[in-house]
Amino acid sequence: MDLLLDAVVIGVLLGCFYAAVSLGLSVSFGLLDVPHVAHPAFLVMASYAVYFLNDRFGIDPLLAGLLITPLLFLFGLVAYRLYYETFEKRGSDAGVRGIAFFFGIAFIIEVLLILQFGVDQRSVTASYIGKAWRIGDMRIPFRLVVAFAVAALLTILLTLYLSRTFMGRAIRAVAQDQEALRLMGANPIRIKQWAFGIATAVLGVAGALLIIVAPVEPTLDRTYIGRTFCVVVMAGLGSMTGTLIAAIILGVAETIVLTLFGASWAPAISFAMLLGVLAVRPQGLFGRRS
Amino acid sequence: MTRNSISFWIGATLFLVAVLLMTQVIGNQYPFFAGYVILQFVVLAVAWSILGGYAGYVNFGTSAFFGIGVYTAVFLFKAFSAPLAVQIAAAAAVGAFLGFALGLLTLRMQGIFFSIATIALTIIIETSVTNWRYVGGAAGIQLQRPPGTWPFDNYVQMLFFVQALLVVLAIAIARFIQASWIGRGLQALKDDELAAECTGVPTLRLKVLACVISGALMCAAGAPAAMYLQYADPSSAFNLNYSVSVLAMSLIGGTAHWAGPVVGAILLGTTQQLLTVTISSEVNVLVLGVMLVLFVVVAPEGIIGLIRRAGNNRRGGKT
């Protein structure tokens, strides 16, 4: 019973972290319908940037994450422009080739990381990594608590951004009806580009959390394809609160299975849940579409 | 039989005779080792295109089918010392069954959702095999190749010939599908699934059929790999690199015609062999990824499309 309670607590913390790494995808795939299979690869790339700054200059990983955010934003703008010019604009057959395009990008990033940093696992150093909180018999790693706090903050900020600011509302409007927006005299493409930039920029801090929670390796994105898409699809495309709840469900499920059956089953859990959701309730738990 | 298919079968026979002669004449083992991999990718790419090219469903699960093929062979070899032909036939049967299951998934999923589901399937199957002790679990399993049987004095030469047979089989099936009502139906549902359904194309049956055929061929192509490597482990048998390679080969060659994936697989497969030997296997994946992205962006119809366009221009120039 204690073990189970442990698993649930850790699972909730882990879940918030999963929410943080999925938020970007929730915007790019959930709201903009971009088949962004390379999202986890972007995430791992951000982690390596944080690693580089931490290893070379001793910058705190979270600060490093913030530092690379503007760069990632620009990267996102360029990536969306490229995607738009080559696929969305031409329209026909964009599905097949768009997916192949992002899949190819993901592999290129993976290989470049291998060539630059090698296949070994990399981790960062900071004062809050390695310590733990003790509550009774329970041992909660401090890095998870940091990840939890930052992830919650990030989710709240992004939710506020999308619901309170002009640009945020425009992004949600473009997700609902692009044509209507065009008729109102707004340029939907520019808004989508901005949104994709935001979705990529969020990966700065998310990437920092990724490498704080556990060491990273270049092929880590493959596991996170399952986790991020599971969260976003389960959340119902584009719902931020849904993302948080779905991520917590995934986190708890993962830790419980880990405790009961062992670590060798871990990679399959998110993918199995993803398949289940797709098969049973494709619109997700909190779906915006009927 | 049309003139076209007569020349195809003559070409196929000549190809097989040439391969057979090669195994008798060439003493050096390396050409067979390298050639085997290229032929294997030809089969995989052609099989992938049946679903991915004609029907437009992007399958990232090539590695799932390939790995299942490998492990079917491993299991049969370990349990019953089954001969190669049995291993391949059984793998094809398992692949057909898995393809059927995948086909049912397409009931509710299209586009990116289908593609993600195929990745999910791959990882789930890989994890299950990792936890299956009998076939070696995560550590993998060593296999001892039996000696070659007549007329081959070496097992690798035999595998090379068998894979060449599979190539001919795969292309023959793809040719048949492309020319028949099945291919036209798949083409129709690729363009607009709803419209196809409305005009009486049995879209569901066609999709499931395409999945079954594609899956059976992919598994069959994977089965001999166990004996080829004399070793199998889950993380390399189910490696997503197979998926991206096959995807790249098909799209770079062009998926509108069966010759596309063949051209793509030979071209990229040969390049990969050269790069792996001369530089490194990382660079080879990098080249593959860059080529994939370049072709998808610049030449969406692949090499076949480029050739066709060049032909049209020349004809247009004359008039």
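Reader: How many helices and strands are there in chain A?

Author: This is a predicted model. In it, chain A has 12 helices and two strands.

Reader: What are the spans of chain A along its principal axes?

Author: The C-alpha trace of chain A spans about 60 × 45 × 35 Å. The radius of gyration of chain A is 19 Å, which agrees with the value near 19 Å that a compact globule of 290 residues would have.

Reader: And what percentage of its residues count as buried?

Author: In chain A, 52% of the 290 residues count as buried. Turning to contacts in chain A with a separation of 6 or more, 78% of them join residues 24 or more positions apart.

Reader: Changing topic: how many residues of chain B are in contact with chain A?

Author: On chain B there are 32, and they are in contact with 32 residues of chain A. Three helices of chain B each supply at least two residues of that side: α5 (111–130), α11 (240–253) and α13 (281–298).

Reader: Which of them gives the most?

Author: That is α5(B), with 12 residues. By class, the side of chain B that touches chain A has 23 nonpolar, seven polar and two charged residues.

Reader: Now Val58(B), please. Is Val58(B) buried or exposed?

Author: Val58(B) counts as buried, because it has 29 C-beta neighbours inside 10 Å, and 20 or more are enough for that. Val58(B) lies in the loop between α2 (30–52) and α3 (62–80) of chain B.

Reader: Which residues does Val58(B) touch, not counting those up to four places away in sequence?

Author: Val58(B) touches Val96(A), Ile99(A) and Ala100(A), and also Gly52(B) and Ser115(B). Ile112(B) is 54 residues from Val58(B) in sequence, yet the two are 7.9 Å apart, C-alpha to C-alpha.

Reader: How many residues has the largest nonpolar core?

Author: The largest nonpolar core has 217 residues, and Phe17(A), Ala147(A), Leu209(A), Leu274(A) and Val43(B) have the most contacts inside it. Helix α9 (residues 203–229) of chain B gives the most to this core, with 18 residues.

Reader: Which residues is Ala147(A) in contact with, leaving aside neighbours within four places in sequence?

Author: Ala147(A) is in contact with Leu13(A), Phe17(A), Leu209(A), Ile212(A) and Val213(A).

Conventions: Residues numbered from 1 in each chain as written. Chains lettered and ligands numbered in written order. Predicted model: local features only at pLDDT ≥ 70, side-chain atom pairs only at ≥ 80, totals over all residues. Helix = DSSP H or I, 4+ residues; strand = E, 2+ residues; numbered from the N terminus. Rg over C-alpha atoms; globule rule 2.2 N^0.38 Å. Buried ≥ 20, exposed ≤ 12 C-beta atoms within 10 Å, placed from the backbone. Contact = placed C-beta atoms within 7 Å. Nonpolar A, V, L, I, M, F, W, Y, C, P; charged D, E, K, R; others polar. Core = buried A, V, L, I, M, F, W, Y, C linked by C-beta atoms within 7 Å.
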